[in-house]
Amino acid sequence: MPLDAEVAGCVLSSLSGPLDEKRREILLVCLAAVEKVLPSIGDEGNATEYYKHLRDMAAVAVGLGNAGADAPS
């Protein structure tokens, strides 16, 4: 599955509530992949900006998932 589709699916799930462990792991893998390839992406068609936004959305979704996991019951 394309990287942006993986991130979009997990981010969409995070809007409904805390991420489950599987989606959180997927986002962490996606974040690592984006960080690895971002320096080598040319800026054709604003690709760099697109993947920076993708990275930021994934990071926010992971952060929201962590906040939900750390919240007292």
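User: Buried means under 20% relative accessible area, exposed over 50%, and partly exposed in between. Taking that cut-off into this predicted model, is Ser14 buried or exposed?

Analyst: Ser14 is found in helix H1, and, once its neighbours within four places in sequence are left aside, it is in contact with Leu19 and Ala61. Its relative accessible area is 10%, and the limit for burial is under 20%. Ser14 is therefore classed as buried.

User: Which pattern does the protein chain follow when it is read along the sequence?

Analyst: The protein chain has 3 helices and 0 strands, and helix H1 covers residues 3–14, helix H2 residues 21–37 and helix H3 residues 47–70. Reading along the sequence, one finds the pattern α-α-α.

User: What percentage of the residues in the protein chain is buried?

Analyst: The count is taken over the 73 residues of the protein chain, with burial again meaning a relative accessible area under 20%. On that basis, the buried share is 23%.

User: How are H1 and H2 oriented to each other?

Analyst: Two packed helices are described by the angle between their axes and the distance between the axes. For H1 and H2, the axes come within 10 Å and cross at roughly 140°, and the crossing is left-handed. An angle over 145 degrees would be needed for roughly antiparallel, and 65 to 115 degrees for roughly perpendicular. The orientation of H1 and H2 is therefore oblique.

User: How many disulfides does the structure hold?

Analyst: A disulfide requires two cysteine sulfur atoms within 2.5 Å. The cysteine sulfur nearest to that of Cys10 belongs to Cys30 and is 6.5 Å away, and, looking from Cys30, that distance to Cys10 is too far for a bond. The number of disulfides is thus 0.

User: Is Cys30 buried or exposed?

Analyst: Cys30 belongs to the set of H2 residues that meet H1, and Cys10 is among the H1 residues in that contact. Cys10 has 4% relative accessibility and counts as buried. With a relative accessible area of 6%, Cys30 is likewise buried.

User: How far apart are the C-alpha atoms of Cys10 and Ala61?

Analyst: Cys10 is found in helix H1, and, not counting residues up to four places away in sequence, it touches Leu19, Arg23, Ile26 and Leu27. Ala61 lies 51 residues from Cys10 along the chain, yet the separation of their C-alpha atoms is 7.7 Å.

User: How far apart in space are Ala8 and Ala58, C-alpha to C-alpha?

Analyst: Ala8 is found in helix H1, where its 42% relative accessibility makes it partly exposed. Although Ala8 and Ala58 are 50 residues apart in sequence, their distance from C-alpha to C-alpha is 8.2 Å.

User: Is Ala59 buried or partly exposed?

Analyst: Ala59 has its place in helix H3, and its C-alpha atom is separated by 8.2 Å from that of Leu28, 31 residues away along the chain. Its relative accessible area is 38%, and the class between 20% and 50% applies. Ala59 is therefore partly exposed.

User: Is Thr48 buried or exposed?

Analyst: Thr48 is located in helix H3, and, with neighbours within four places in sequence set aside, its contacts are Leu38, Ile41, Gly42 and Asp43. Since its relative accessible area is 17%, Thr48 is buried.

Technical notes:
Residues are numbered from 1 along each chain as its sequence is written. This is a predicted model: local features need pLDDT of at least 70, side-chain atom pairs count only at pLDDT 80 or more; totals for chains, interfaces and linings use all residues. Side-chain values use heavy atoms; hydrogens and water are left out. Axes are lines fitted to C-alpha atoms, for helices over the stretch in contact, and angles run from 0 to 180 degrees between N-to-C directions. Helices (H or I, at least four residues) and strands (E, at least two) are DSSP runs, numbered from the N terminus. Angles under 35 degrees count as roughly parallel, over 145 as roughly antiparallel, 65 to 115 as roughly perpendicular and the rest as oblique. A crossing is left-handed if the near helix is turned anticlockwise from the far one by less than a right angle, and right-handed if clockwise. Contact means heavy atoms within 4.5 Å. Buried means under 20% relative accessible area, exposed over 50%, partly exposed in between (1.4 Å probe, protein chains only).
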